[in-house]
Amino acid sequence: MAPLSSRPLEIAAFLDRCGWGEAQTHPLSGDFSTRNYARLTKQAGETAFLMDADSVQKTPQFVALAGLLRNLGLRAPEIYADDAPE
């Protein structure tokens, strides 16, 4: 796995816990924030995106809002797992 940030061991442990530890990681271009993104691909062809954000980002709010929108039947990212502080 190519490092996404200064936290490669933490990211690898997170992916292992979520069942994506063996996935190929392809870093993607980010936006103008401190977030980093990668496309994850499993051998079975499953894909997902990884968003790595520091603790300053509003990750818990992002996770909550995505869940709220999906519960209302609207399109929003499906969050498979997160380790955002509560």
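Tutor: Begin with a pair of charged side chains. Glu46 and Lys42 form a salt bridge, and their closest N and O atoms are 3.9 Å apart. Keep in mind that this is a predicted model.

Student: Is Glu46 buried or exposed, or something in between?

Tutor: Glu46 counts as partly exposed, at 41% relative accessibility.

Student: How many salt bridges does the structure hold?

Tutor: It holds 5. Look at one of them, between the side chains of Arg7 and Asp52, with 2.4 Å from N to O.

Student: Why does that pair tie together parts of the chain that are apart in sequence?

Tutor: Check where each partner sits. Arg7 lies in the segment before α1, while Asp52 is in strand β3, so the bridge links parts 45 residues apart in sequence. Now check accessibility. Arg7 is partly exposed at 31%. Asp52 has a relative accessible area of 5%, so it is buried.

Student: Where do Arg17 and Asp83 lie?

Tutor: Their side chains also meet in a salt bridge, at 4.0 Å from N to O. Arg17 is in helix α1 and Asp83 is in the segment after α2, so this pair ties together parts 66 residues apart in sequence. Arg17 counts as exposed, at 58% relative accessibility.

Student: Now the helix itself. How do I read its sides?

Tutor: Start with the general idea. An α-helix has 3.6 residues a turn, so residues three or four places apart point the same way.

Student: Which residues of α1 are buried?

Tutor: In α1, residues 8-17, the buried ones are Ile11, Phe14 and Leu15. They span an arc of only 95° around the axis, so they sit on the same side of the helix.

Student: Which exposed residues are on the face turned away from that side?

Tutor: That face carries Leu9, Asp16 and Arg17.

Student: What do the buried residues of α1 pack against?

Tutor: They pack against two strands, β2 (36-41) and β3 (47-52).

Student: What follows α1?

Tutor: Gly19 follows α1, and its phi is positive, near 85°.

Student: How does the lining of the largest pocket divide by class?

Tutor: Count the classes. The lining has 22 nonpolar, 3 polar and 8 charged residues.

Student: Let me finish with a single residue. Where is Thr59 found, and is it buried or exposed?

Tutor: Thr59 is found in helix α2. Its relative accessible area is 16%, and under 20% means buried, so Thr59 is buried.

Student: Which residues does Thr59 touch, leaving out those up to four places away in sequence?

Tutor: Thr59 touches Met51, Ala53, Asp54 and Ala84. Among them, Met51 is also one of the residues closest to the centre of the largest pocket.

Methods
Residues are numbered from 1 along each chain as its sequence is written. This is a predicted model: local features need pLDDT of at least 70, side-chain atom pairs count only at pLDDT 80 or more; totals for chains, interfaces and linings use all residues. Side-chain values use heavy atoms; hydrogens and water are left out. Buried means under 20% relative accessible area, exposed over 50%, partly exposed in between (1.4 Å probe, protein chains only). Helices (H or I, at least four residues) and strands (E, at least two) are DSSP runs, numbered from the N terminus. The arc is that of the directions from the helix axis to the C-beta atoms. Contact means heavy atoms within 4.5 Å. On a 1 Å grid over the protein atoms alone, a cavity is a set of points where a 1.4 Å probe fits but cannot get out, and a pocket is an open set with protein on both sides within 12 Å along at least five of seven lines; lining residues have an atom within 4 Å of a point. Ala, Val, Leu, Ile, Met, Phe, Trp, Tyr, Cys and Pro count as nonpolar, Asp, Glu, Lys and Arg as charged, and the others, Gly among them, as polar.
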